Amino acid sequence: MGILRTLAQKNQRTIKNGGIMLKKITVFLLITLMFIMLIGCNDESVDNNETDPQESNVTETEVIESYTYTYNDTKIEINSKAEPILDDLGEEISYFESESCAFPGLDKVYTYPGLEIQTYEKDGIDHILSVNILDDTIGTNKGIRLFDSSSKVIETYGENYEENTGQYIYKKGETKLSFLIKDDEVIAIEYAAIVKEEN
Amino acid sequence: MLKKNLIRILSIVLLITILLSIQRLVVPKYMDDIVEGSLIETYYGEEKDHDVVFIGDCEVYENFSPITLWEDFGIKSFIRGSAQQLIWQSYYLMEETLKYEKPEVIVFNVLSMKYNEPQNEAYNRMTLDGMKLSMSKIKSIQASMTDDEKIIDYIFPILRFHSRWSKLEAQDFKYYFNKEKIFHNGYYMRVDTKPVESFPRKKPLADYRLGENAYHYLEKMTELAKENDIELVLIKAPTIYPVWYDEWDIQIENYAAENDLMYLNFLDLTEEANIDFRKHTYDGGLHLNLQGAENLSKYFGKILADTYDLTDHRSNNNTAEIWDEKSDFYYSMKEAQYFDLNKYGYLKNFGAKKPTNN
């Protein structure tokens with residue numbers, strides 16, 4: 001009898017503990033559901049589309065500084081719409097396009113004398129991703145050309161740059177101007193949007 | 001007391017069922033567009049006794065045809081590929097695969113060695129969301145997350161996609177219970193052709209060294225293969241873009257030599273593999289079309305069969321029956337794609353965009 005009573009008491013405790021546990025789980029699930037519903041009302045950013053690195057930093061009233069390169073009197077602003085710029089530049093020497101893996105949209109590369117422009121697609125519209133200087137017939141807006149020395153770059157653009165394995169990077173808003181230095185000579189110059197590389 | 005508890009249990013079950021049902025509805029289906037997001041999950045419904053498993057990014061799932069490997073060499077293969085699959089994702093997919101089966105050979109495409117850190121949530125999801133919940137998946141999520149991502153959003157995708165309720169599309173309801181079969185053992189078929197017309201310039205890089213984190217996972221793959229007595233084969237698919245630098249190639253060659261692995265850079269073997277970029281690519285050199293993938297598979301299949309003495313299973317009636325069915329589906333899709341191509345000029349019913357003139 002004693003054993004039976006002990007077992008019965010144990011069962012009651014187990015049921016009681018189980019009840020408390022169930023209550024906790026129910027409360028947790030209800031809170032989770034409410035949380036989901038609440039954030040569901042506010043969160044507009046969820047999508048399975050490719051993330052646009054610029055989107056989160058731009059508002060209608062905010063003015064963000066960016067690099068603009070001038071080529072034959074045409075102003076090429078990084079991250080701006082490509083069509084009017086390309087129209088202004090006239091026919092390119094060569095053109096290359098590539099799709100990204102899976103996601104729609106083309107990356108396009110236009111080559112002009114001494115210059116290469118790459119675009120990216122955002123909401124179906126091409127924008128300027130980068131401007132690369134290809135030879136020493138042209139230079140940056142401040143006159144730095146390929147094969148100039150690193151000291152000339154610093155004299156011209158100042159010491160407020162980030163160095164990354166031989167690359168001097170001057171940032172402005174969501175854009176950058178990079179000089180790749182090898183053996184104390186500039187071997188590549190690029191104005192570009194700040195994005196992570198994708199294939 | 002019992003009645004109360006029963007009601008509580010039923011309430012919880014009901015609540016969980018509702019949450020899971022909503023989750024199933026709101027997660028992207030990847031069927032009418034960006035179909036590549038459906039690739040990873042297709043593995044779980046397969047017979048898991050493959051001789052060869054491919055792991056990697058789009059350079060595996062668009063460039064090799066398991067049906068050709070079967071038809072020409074009797075090799076049973078599967079491609080566990082996904083868009084921009086990063087090397088840590090490949091490693092954890094390999095780890096997960098080995099819980100289901102032990103293939104003779106695992107083939108890994110090395111393009112992803114160029115990435116040393118997490119890149120992009122949208123691509124992450126195309127690999128991770130298709131995986132079944134397991135420790136491999138959790139570790140893969142942890143290795144893949146960018147700064148503003150949370151692990152809980154991957155384990156319970158409803159937390160990430162709940163606001164899609166206002167953007168639900170017909171495909172969300174159409175594929176609520178079942179998805180149509182659209183791949184061929186992980187191969188994504190495209191019969192159309194867009195020749196290579198120009199080559200991209202190789203931009204000089206600040207640093208050509210492949211990253212430490214990428215090497216860490218390559219080493220883990222090598223160790224895992226050795227522990228399981230599996231041959232790991234490294235490849236670089238023959239695609240001209242994204243650019244594969246000679247400096248990277250030398251590093252992979254050295255790694256393969258140091259670790260006694262086979263490494264094939266198919267960019268150097270296009271003639272032997274009968275790849276002609278005027279005819280065998282559907283997107284100007286990024287991926288091969290069906291003819292290109294079949295040619296490459298014939299070439300690679302012979303190397304695999306000869307080097308690793310793989311069994312030809314074609315005389316096994318049971319296996320042959322399964323693969324005959326796969327072949328039927330393959331040829332019916334091939335026919336349907338050519339039908340589209342002839343009628344519309346592009347693969348209208350297979351997610352392709354109507355060609356535009358630049």
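Two strands pair if DSSP finds at least two bridges between them, and the helices (H or I, at least four residues) and strands (E, at least two) named below are DSSP runs, numbered from the N terminus. This is a predicted model, in which local features need pLDDT of at least 70, side-chain atom pairs count only at pLDDT 80 or more, and totals for chains, interfaces and linings use all residues. Residues are numbered from 1 along each chain as its sequence is written, while chains are lettered from A and ligands numbered from 1 in the order in which they are written.

**View 1. Strands β4 and β5 of chain A.** Strand β4 (residues 106–112) of chain A and strand β5 (residues 115–122) of chain A run antiparallel and are joined by five bridges. A:Y112 stands opposite A:L115 in β5(A).

**View 2. The open sheet of chain A.** Eight strands, paired antiparallel, form this sheet in the order β3-β4-β5-β6-β10-β9-β8-β7 (chain A). Its edge strands, each pairing on one side only, are β3 (94–99) and β7 (162–164) of chain A.

**View 3. Helix α10 of chain B.** B:Y217, B:L218, B:M221 and B:A225 of α10(B) are buried (20 or more other C-beta atoms, placed from the backbone, lie within 10 Å of a residue's own; exposed means 12 or fewer, and partly exposed in between). The face of α10(B) turned away from this buried side carries the exposed residues B:E212, B:E223 and B:E227. Just after α10(B), B:D229 takes a positive phi of about 60°.
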